[in-house]
Amino acid sequence: MKIPFLTFAIAIFAVSAGGAGAGNFWASCNYATAQANQSLTRDGAQTYSYTAAYEGYQWGGGCWNNNDVDEGWGDPPQDVNTHGEGADCSGLVFKTWKESENTSNGGLYYWNPIRNVHGPYTAASFRDGVGAPNGLISKAVAGVMDGFASGTHVGLIFFRGSGGWDQIIEAKCESCGTNIMSETYRSQSAYGGIRRIGWTG
Amino acid sequence: MERSRRRRRLLGGALAGGLAGVVTGAVLASAAPAVHEQGEPDIAPTAIIDAAHVPPLLTLPGEPVTLRYAIVCPGGGADPFESACDASGDVHVRPGTTGPFTRLPLRRTADSLDGRYAVDLPSAVARSPDGFSYYAVLSNDAAGVSMTVPAGGPAAPQRSLPLARPVVVRLGRHRFGAVRAADARVVDAPWGSRIGEVGLDGPPGGLEVGPSAFDVAPDGGIVVLDGVNSRLERWADGRVSAVRADVDGAVDDLALAPDGTVYVADGRGRPPLIRHLGRDGRLLDAAPLPERTWSQLRLGPDGPTAQVEPSEQWVPAAPAVPRAEKVSSGRAGRRLADGSDVVVLRTGTGELRVARVVDGRVRTGWQILSDTPLGEVQIAEQVGRRMVVVVKAYSDTADEFVALVLDGQGLVGQFALRSSEWAASAPLARFRLTGHSLYQLGSTPSGAFVDRYDLEVAR
């Protein structure tokens with residue numbers, strides 16, 4: 001009697017917990033077509049990025065809801081296959097900046113937060129200004145929704161801070177999640193200033 | 001024969017149980033996405049309201065003052081983030097700190113680079129010899145929701161003070177590469193998880209997170225927040241010890257209390273949590289901060305205090321302090337041991353204003369001007385009759401910290417320090433000042449360290 005019960009329990013665990021994965025948030029995401037836009041305001045982007053805050057971090061990811069709960073919390077880091085909630089750093093910038101998956105297209109495309117897309121850019125490619133929509137600026141003049149990018153990380157300016165730091169909206173790490181955090185990237189030589197080309201206000 | 005039948009029965013039972021388990025598990029797994037979809041309801045984006053604002057904490061004589069706010073709320077339509085939202089707001093302002101507030105409506109500007117909503121203060125307010133105080137009520141008009149900044153409103157308004165006769169310090173152009181060597185390396189910890197090592201974590205090719213903060217006891221003992229290894233490590237008298245702690249690998253700040261317990265500001269929560277941990281690392285108490293973001297956590301004469309955003313005010317951070325008391329105690333400066341406050345404002349590209357405030361008035365103020373852009377102020381601490389400031393000087397390709405020793409006449413000492421920021425840490429947790437020694441938390445590809453610089457500030 002014990003053995004059938006034991007194999008029953010093991011099989012349930014293997015198929016449901018192991019197979020489905022505790023962090024299979026991507027099953028809730030969609031793959032709808034992006035909508036072409038005419039407008040890209042800094043405060044519109046600021047509000048869009050705000051929906052990603054508190055929703056978690058997923059390396060290689062790019063979809064989230066807006067319930068302020070990380071449904072992929074505690075996923076093993078460094079694994080795109082955990083399919084948890086949230087973007088990674090470059091995925092968040094790509095969606096907030098309304099970019100195309102075609103790097104030669106500088107147009108504006110609205111991606112619903114729950115649309116699962118990461119985009120073609122890494123932190124380093126943002127730092128280097130790769131792609132038609134992406135430009136470089138001097139860090140000293142960077143303002144709301146401009147950003148700072150290094151070879152390993154990228155974040156967007158939510159607002160300046162009073163003491164020379166910045167409030168940055170960023171998908172930072174599995175433990176950190178996505179949040180508005182005070183950061184000193186502006187003054188760190190590893191980071192360069194980046195700007196979406198085509199702000200309309 | 002009997003044994004063979006028994007083996008067949010066992011095998012058959014195992015196969016049947018396993019098959020039933022596979023079927024049941026598959027049903028549960030296929031139901032999992034539905035469970036996600038029915039999880040906590042999404043917050044309607046239309047209901048979002050938040051804000052950002054940099055208060056003009058210190059103003060120069062004759063300087064016009066424009067208050068700017070970013071109001072975070074979505075617009076309408078299929079893309080609610082395409083254009084600016086339907087928002088409005090009022091600033092309630094008065095000269096000094098007493099009397100009635102005057103309501104000034106914010107105007108909507110064409111550009112949101114530094115905040116779309118603005119109001120120019122009347123010169124009678126902006127140039128008041130007592131400075132001015134104010135708060136703002138900001139609304140998402142489409143959803144009918146509003147917020148007050150600072151959260152304490154008229155009970156704890158923003159405070160701006162005039163720097164009537166600042167001591168002007170001209171730093172000129174910073175010469176990168178001429179850094180001072182440390183007097184001692186008091187912590188030298190390779191990456192790892194053994195005692196005496198500190199953890200390093202991050203995705204492949206991604207941001208590396210190391211020890212996020214540290215603090216220094218009056219006797220020179222060092223406590224390092226090793227979040228990756230969920231522990232506190234202590235270096236004292238040439239020995240290292242560690243205790244498990246209720247912390248994770250997020251980028252938290254830390255303040256050490258005189259009794260050896262520590263306060264930790266959470267790097268990920270909404271709102272962020274302050275945890276009070278015993279010497280043994282066990283959680284003693286925890287409570288949220290009153291605003292969404294913190295920039296730094298310090299120990300003041302009345303306990304832990306944190307600077308929070310969007311107000312940029314310093315508020316009591318001890319978990320035992322009720323939220324209402326926290327928001328009604330917000331102040332522009334950080335309280336020092338002698339009861340005075342230190343107020344800091346980095347403005348423009350290369351200007352830093354610092355003031356020591358006694359009884360609500362600037363006792364000594366400094367206007368520090370640099371031809372090289374200035375970044376964050378890591379510390380501004382009073383030592384005897386002098387003020388020690390550590391600020392970052394940077395270009396687009398180089399950066400160094402600059403330590404300044406100031407007195408009532410000007411600059412009495414200055415040196416540069418290598419930035420050593422290979423791994424991420426809490427933003428303003430890289431320096432601590434204890435006695436006459438400045439301590440720096442740094443990192444390299446091989447590990448983390450704490451260096452000590454002895455200051456000649458005895459006078």
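**Labels and the values behind them**

Me: Why is B:Ser420 called partly exposed?

Reply: B:Ser420 has 18 C-beta neighbours inside 10 Å, so B:Ser420 counts as partly exposed. The rule calls a residue buried if 20 or more other C-beta atoms lie within 10 Å of its own, exposed if 12 or fewer, and partly exposed in between, with C-beta atoms placed from the backbone. Before we go on: this is a predicted model, in which local features need pLDDT of at least 70, side-chain atom pairs count only at pLDDT 80 or more, and totals for chains, interfaces and linings use all residues. Residues are numbered from 1 along each chain as its sequence is written, while chains are lettered from A and ligands numbered from 1 in the order in which they are written.

Me: Where is B:Ser420 found?

Reply: Look in the loop between β31 (410-418) and β32 (431-434) of chain B. The phi of B:Ser420 is near 50 degrees, a positive value in a residue other than glycine. Strands (E, at least two residues) and helices (H or I, at least four) are DSSP runs, numbered from the N terminus.

Me: What makes B:Asp359 exposed or buried?

Reply: B:Asp359 counts as exposed because 8 C-beta neighbours lie inside 10 Å. B:Asp359 sits in the loop between β26 (351-358) and β27 (361-370) of chain B, and has a positive phi of about 50 degrees without being a glycine.

Me: Which peptide bond at B:Pro150 is cis?

Reply: The one that joins B:Val149 and B:Pro150, where omega is about 0 degrees. B:Pro150 belongs to the loop between β9 (145-149) and β10 of chain B. The bond from B:Glu309 to B:Pro310 is also cis, with omega near 20 degrees, and B:Pro310 lies in the loop between β22 (303-309) and β23 (314-316) of chain B.

Me: What makes helix α3 of chain A mostly covered?

Reply: Eight of the eight residues of α3(A), residues 89-96, are buried. Among them are A:Cys89, A:Gly91, A:Phe94 and A:Lys95. Just after this helix, A:Lys98 takes a positive phi of about 55 degrees.

Me: What does α3(A) pack on?

Reply: Let us start with the sheet itself. An open sheet of six strands has the order β5-β10-β6-β7-β8-β9 (chain A), with antiparallel pairing. Its edge strands are β5 (134-137) and β9 (177-183) of chain A, as each pairs on one side only. Two strands pair if DSSP finds at least two bridges between them, and β8 (residues 166-173) and β9 of chain A have seven, in the antiparallel sense. There, A:Ile169 stands opposite A:Ile180 in β9(A). Onto this sheet packs α3(A), touching β6 (147-149), β7 (154-160), β8 and β9 of chain A. Two residues are in contact if their C-beta atoms, placed from the backbone, lie within 7 Å.

Me: How many domains does the assignment give chain B, and where are their bounds?

Reply: The assignment gives domain 1 (1-41), domain 2 (45-162) and domain 3 (168-454) of chain B; such bounds come from an automatic or database domain assignment. The contact takes 17 residues from domain 2 of chain B and 19 residues from domain 3 of chain B.

Me: How many residues does chain B have, and what share is buried?

Reply: Chain B has 459 residues, and buried residues make up 46% of them. The chain holds three helices and 34 strands.

Note on methods: Axes fitted to C-alpha atoms, helices over the stretch in contact; angles between N-to-C directions.
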